[in-house]
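Q: Please walk me through this model, taking one kind of feature at a time. I would like the general idea before each case.

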Amino acid sequence: MRPSRSTRRHLISLLLFLFHSETACRPSGKRPCRMQAFRIWDVNQKTFYLRNNQLVAGYLQGPNAKLEERIDVVPLEPQLLFLGIQRGKLCLSCVKSGDKMKLHLEAVNITDLGKNKEQDKRFTFIRSNSGPTTTFESASCPGWFLCTALEADQPVSLTNTPDDSIVVTKFYFQEDQ
Amino acid sequence: MQSCRQRWAGPKRSTSCVPWGLPGAMFILYTFMMSVFAFAIQPEAHTGHCPYRGKHFKVEFRLEGELVVLRCPQMWSWAGISVDPHVNLTWRRNGSAQLVPAEEARMRVEDGKLWLLPALQSDSGTYICTVRNASYCGEMSTELRVFENTEASLPFISYPQILTLSTSGRLVCPDLGEFARNKTDVKIQWYKDSVLLDQDNKKFISVTGTSHLVIQDVAMEDAGYYMCAFTFSHGGKQYNVTRNIELRIKQRIEETIPVIISPRQTISASLGSRLTIPCKVFLGAGTPLSTMLWWKANNTHVDSAYQGGRVTEGPRQEYSENNENYIEVPLIFNPVTREDLNTDFKCVVRNTLSVQTLHTTVREASSSFSWEIALAPLTLVFLVLGGLWMHRRCKRRAGKAYGLTMLKTGCQEFPAYPSTIKEMI
C-alpha cells in the first residue's frame, strides 16, 4: 500500500511539475522559455564565484577557474532579464533593507519567474549596452546597479553611485558557447 | 553541564554528551542549545581543541623564488581580524604541531599572514590557520602549490582574462593583495610572450599607478600569455613577484534587425478546417534569446482574444540553417470560423534594435470542393487528348508531304492522280 501511494504522489508531483513548467512560460511564443548561460566578468577582469553561499568577484587562477559561476538568463522583454546562478536555482534580487538596497540570492527556479510580474519585479534587471560592456539596473530598485568592489574577493552588490571610482558597474556579458 | 560544554568544542567528541535514549527531536534541540551556550558564554572553551571549519575554496599557485603571502581564509568572513589585538592568529603546516614563527625566518607570520621570503617548491602543501579570541575559535586550511618557472607551469599559474575583438580593454595584474597597498610605489612591467612591452608602445599602454595594461583595438593576434612583474622590498631585501595572464579574444555577438520572411499576406482556408500559419523570422548571426515573437488578433494578444483557446499560439522554435538563426511561432486555428475572415492577424517581432510586424488575413476557399484540385486531372485529360489529336494531325500532314514528294519524283514515270495518293495514305 505504502509504495503505491508514494509512487502516485511522485506521479502527481511530476505532473504538477510538467504542468507548472508549461504554465510558467505562457505566453508560449513571445519569449524563450529556456534559460541561457552567459559569462560575466567586469571591466577589471574579475569573474563571479560563490564563497559561503555569497556571490563574490575576483580572479580565478588555473584550475580554480572551474569555480566560475555562469549567469543563467531568462528574458522577460528584450532589455528585462531574470538573472540566476547554479543552473537557474538561485536568482539575484534587490531587497530593500533600511535606506540601502541589498543584493540577495533567493532559492527560486528562474524558469518559474514572470508569472506574477509585480511579485517577481525584484528579480528583474534592466540591461543597457554601451559599446562592448553592459550595466544591470534593478527594475524594483531604480537607480541601483549591479556592481563589484575594486578589491578582489569582495561580494557582488548594488550601488546607487555607479560613477563612483570605488565600484565597477560595467560588465562584459556574453553567451556561453 | 560544564564537561559537556567543553567537549562540544571538539565536534567529534560532542556525541559523548548525547543521552542516546531520548528521541531524535530532543537530541536536535539539545545539540542546538548546547551550541548556543558554547558560543554565547564561556571563554575557557577555546583553550582546548579548535573546530575545523573547512578548506579554503581556492588553491594558490605560485612560482619558486618569488615572494608569496598567504591570507588566513577566515579573514574573508571576518573583516579586520588581523588588526584586532584580541585575536590570536597562528599558522602551522598540516601534519606539523610546530607553529610558524613570527620572527625573522624565511617562512614567518606577519600581520596575521603567512610570508614566504621567498617560496620554495618544497613549501607546496596545506597550511592551517587558527583564529582564537574570547568568543571564537576556528581552524581553516589553505593549499599552496609552488612550481618551477617553466612553460609547463603556465596552465596552473595563469589567470584567464578575456577581451572583445575590435574594442579597447584592459588586462589587470591580479591578486596583488599586500603589494598593491601603495600602487604608486610598485612599478609594474608588462611582458607578452616573454618580450617586454615598450613604454612608448601605442597599442599596449601600462597605466602608471594602476595594475592595468590597456590594449587598444584588440586583434586576434593579441591573444596569448602576458606577464606582469615587479620587485617588492621587504626587510631591506628585494623580492620578485610575477603574475601570468592568458588572454583570450572573443568576438561579440551583435544583435541584428529581425526580418519576418513568412507568412504571406492572405492565407486561403476552408471554414471548419484546422489551420496553422507559421510566422518565421530570420535573424542571421543574431541571437534569438532577446528576440520576442508573438501573434496579435485585431491588436489584442491571441491569449486574451481567444480565451476559449480556439485560436492559440504554438510553441516557439529556435533553429539554425546554414549557420543562420531563425525563430518561428505558429498561429493555430482549431477550427477556422467565419469570424476569422474579418480579423486582422499580425505577427510581431521585437528586439533591442527594432520592431517589425507583418499582417495577414484568412480568406475563405470558396467551398470544401477545390476547383484547383478537381481541374488538375481534367486538364491532364484534355492535354492528353489534345496531344493525341495534334500527333494524328501531324502524322497526316507528314504523310501528305511524303505523298507529294513521291508524286513529284514519280511524275516522270507515272501520271499523278490524287486519288491514288489518298489510297496510299
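Q: How many salt bridges does a search of the whole structure find over all chains?
A: A salt bridge is a side-chain nitrogen of Lys or Arg within 4 Å of a carboxyl oxygen of Asp or Glu. Over all chains, the search of the whole structure finds 21 salt bridges. This is a predicted model, in which local features need pLDDT of at least 70 and side-chain atom pairs count only at pLDDT 80 or more, while totals for chains, interfaces and linings use all residues; side-chain values use heavy atoms, with hydrogens and water left out. Residues are numbered from 1 along each chain as its sequence is written, and chains are lettered from A and ligands numbered from 1 in the order in which they are written.

Q: Is R70(A) buried, partly exposed or exposed?
A: Buried means under 20% relative accessible area, exposed over 50%, and partly exposed in between (1.4 Å probe, protein chains only). R70(A) counts as partly exposed because its relative accessibility is 28%. D176(A) is partly exposed as well, with a relative accessible area of 25%.

Q: Where do D340(B) and R310(B) lie in chain B?
A: D340(B) forms a salt bridge with R310(B), with the closest N and O atoms 2.8 Å apart. D340(B) lies in the loop between β23 (324-333) and β24 (345-350) and R310(B) in the loop between α4 and β21 of chain B, so the pair ties together parts that are 30 residues apart in sequence. D340(B) counts as buried, at 0% relative accessibility, and R310(B) is buried with a relative accessible area of 19%.

Q: With which side chain does R310(B) make a polar contact of 3.4 Å?
A: A polar contact is a pair of N or O atoms within 3.5 Å; within protein, one must be able to donate a hydrogen and the other to accept it, and residues adjacent in sequence count only if both atoms are side-chain atoms. The 3.4 Å contact joins the side chains of R310(B) and T337(B).

Q: How large is the area buried between chain A and chain B?
A: The size of an interface is often given as the accessible area lost when the parts come together. Buried area is the accessible area (1.4 Å probe) that two parts lose on being put together, summed over both. Between chain A and chain B it is about 4,100 Å², and carbon and sulfur atoms give 52% of that area. Counting contact as heavy atoms within 4.5 Å, 45 residues of chain A and 51 residues of chain B take part.

Q: How many salt bridges does the rule find across this interface?
A: Across the interface of chain A and chain B there are three salt bridges. Among them, D153(A) and K58(B) meet through their side chains at 2.8 Å, N to O. The side chains of R71(B) and E151(A) meet in a salt bridge at 3.7 Å, N to O.

Key:
Helices (H or I, at least four residues) and strands (E, at least two) are DSSP runs, numbered from the N terminus.
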